[in-house]
Amino acid sequence: MRSAHRVETVRTAERTLMARLPEGALMQRAAAGLAAACADVLPRRVYGSRVVLLTGSGDNGGDTLYAGARLARRGAGVTAVLLAPDRTHPDALRALLRAGGTTTTAHSATTPTALARADLVLDGIVGIGGRGGLRPDAAHLADLLADSPATVVAVDLPSGVEPDTGEVRGAAVRADLTVTFGTHKPGLLVDPAREYAGSVRLIDIGLAETLPPTPALESLQHADVAALLPRPTGESDKYRRGVVGVAAGSTRYPGAAVLAVAGALRGGAGAVRYVGAATEAVLARYPETLVSNTGPKKAGRVQAWVAGPGAGDDPTPVAEALASDVPVLLDADGLRLADRDTVRTREAPTLMTPHAGEAAALLGVSREEVEAARLTAVRDLARAYDATVLLKGSTTLIATPDPDTPVRVNPTGTPWLATAGSGDVLSGLAGSLLAAGLPPLDAASTAAYLHGLAGRYAADGAPTGAHDVAEAIPAAWRDITRTVPYHP
Ligand SMILES: NC(=O)C1=CN([C@@H]2O[C@H](COP(=O)(O)OP(=O)(O)OC[C@H]3O[C@@H](n4cnc5c(N)ncnc54)[C@H](OP(=O)(O)O)[C@@H]3O)[C@@H](O)[C@H]2O)[C@@H](O)CC1
Ligand SMILES: Nc1ncnc2c1ncn2[C@@H]1O[C@H](COP(=O)(O)OP(=O)(O)O)[C@@H](O)[C@H]1O
Ligand SMILES: [K+]
């Protein structure tokens, strides 16, 4: 499990840890890890390389200067561009100068050339102390840096991104690598900031000792998903494995039903029951589907419903699914047609899977607002509907209405998934995992993980269709569970 903590939490943990350590020890740990990461990404050896340090007046600048001093001692030519020369971390600056480094300022005539000729630039303008968009001097440096061919390493965070939310409100540094200390910050995992961070390396500075066990965000890894995926035992039969009902598709959109069933068949439920207007299309492709001409109410027992993909304007099937006492996944038209109070007052759980446009419509804001502040949007929606919400898109997030439960971030997504119908596959898959007995948060996050991996396998660097994604789910599943012993 990868986890991220908010700034306030990091500050508290940092204070407690600092009190146990000699002065300056934490910064030295951070700087040592940072310098080692820089040596790794330098295109050639450290000796003789040209390194520029963008240095703000806080401790983020301090880390950067100490790391620069370490690189200078190994023979790099190091220049620090000081944003506030009279307020720069004094000890760290002395260390750099003693190691042979030099300094200049943001508006010096030599700064653009230094950036253009650098092999490596460290962004130490601001870290977790940054608030709001970058100020003009700092934004000027970020602009100059955008034109430099140098490898850019962001220190703790790319300067200009909001650490706690992943919002980017103006100029920000775009890094190839972010070296972060102690724990991930939410912004490093959530778009749009995640895009600015490049790859992320976590340096252990001992902070785990004093951080609280529950993070703000968590990201499942292979082993976590493997432990959650349902697997049949000797006692299993098709009913015990769970039956998932799919109320989807219409005469206009029969394909949505086929794709939702395609996902559902590969999600661990023992049977898929389909109700809707696309019976023929579903049976033609998947003869194993149980079909019924009635609505969800009379369709027979299921352990979870998926309602809405391509379903059209008839509110009845959605209302009937919501009236049941089993978990319901609402997607696409189902999100639009569901009555909010009904969702809020249901006894059984509801899982909603909107993309940014659908989330915006439900929240009464613009799509751009949702995309700029995905974390806020997913939390707001979960609270408003008292439901678990999976917000799809460039970073897929899953939130429950409980503010103390970490929001899950899916790490496997790929933009190749942005293809018509792939959301239908996801809703079938997640519904199937609900029917197999996973709680909504786990069903949603394991489904997103499998779906992202399947998207990667299906695309493999070339465009792919949603049905290919569905067909790649078993390979993704096998890859995840391969390392976990299993003898059915
Ligand atoms: N936590 C840990 O365990 C450890 C933390 N460590 C390190 O400490 C860092 C935090 O240091 P920090 O608290 O000094 O804040 P920091 O990020 O340098 O920012 C403050 C500076 O930014 C400026 N500034 C603010 N907003 C701005 C803007 N929009 N645009 C431009 N400037 C802006 C602000 O200016 P001022 O308001 O003072 O004029 C001030 O100069 C952390 O990220 C990590 O690197 C490690 O050493 C070891 C362990
Ligand atoms: N830029 C992106 N990066 C990663 N995944 C994406 C991106 N854009 C879309 N996706 C994923 O593709 C799927 C599209 O679902 P959706 O928007 O419901 O499409 P449809 O309604 O056509 O099925 C979702 O799983 C979403 O997370
Ligand atoms: K930084």
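The shell around ligand 2 comprises 6 nonpolar, 10 polar and 2 charged residues, where Ala, Val, Leu, Ile, Met, Phe, Trp, Tyr, Cys and Pro count as nonpolar, Asp, Glu, Lys and Arg as charged, and the others, Gly among them, as polar. This is a predicted model, in which local features need pLDDT of at least 70 and side-chain atom pairs count only at pLDDT 80 or more, while totals for chains, interfaces and linings use all residues. Residues are numbered from 1 along each chain as its sequence is written, and chains are lettered from A and ligands numbered from 1 in the order in which they are written.

In total, 18 residues surround ligand 2, the closest being H355, K392, L417, A418 and G423; a residue is near a molecule if its C-beta atom, placed from the backbone, lies within 6 Å of it. Helix α18 (residues 422-435) contributes the largest share of this shell, 4 residues. Helices (H or I, at least four residues) and strands (E, at least two) are DSSP runs, numbered from the N terminus.

The protein chain is assigned domain 1 (2-219) and domain 2 (222-481), with bounds from an automatic or database domain assignment. The domain centres, taken over C-alpha atoms, are separated by 40 Å. Contact (C-beta atoms, placed from the backbone, within 7 Å) links 15 residues of domain 1 with 14 residues of domain 2. On the domain 1 side, β9 supplies the largest share, 3 residues.

An open sheet with parallel pairing is formed by 7 strands in the order β4-β3-β2-β5-β6-β7-β8; two strands pair if DSSP finds at least two bridges between them. Because β4 (102-105) and β8 (199-203) stand at the edges with a single partner strand each, one side of each is left without a neighbour in the sheet.

A second open sheet, with mixed pairing, has 11 strands in the order β1-β9-β18-β17-β16-β15-β14-β13-β10-β11-β12. Its edges are β1 (2-4) and β12 (290-292).

| Strand pair | Bridges | Partner residues |
|---|---|---|
| β2 (residues 50-55) and β3 (residues 77-82) | 6 bridges | L53 and A80 |

Helix α17 (residues 374-385) lies across β15 (350-352), β16 (388-391), β17 (397-399) and β18 (407-409), at about 150° to β16. Helix α19 (residues 440-459) lies across β15, β16, β17 and β18, at about 15° to β16. Axes are lines fitted to C-alpha atoms, for helices over the stretch in contact, and angles run from 0 to 180 degrees between N-to-C directions.

Methods:
Two residues are in contact if their C-beta atoms, placed from the backbone, lie within 7 Å.
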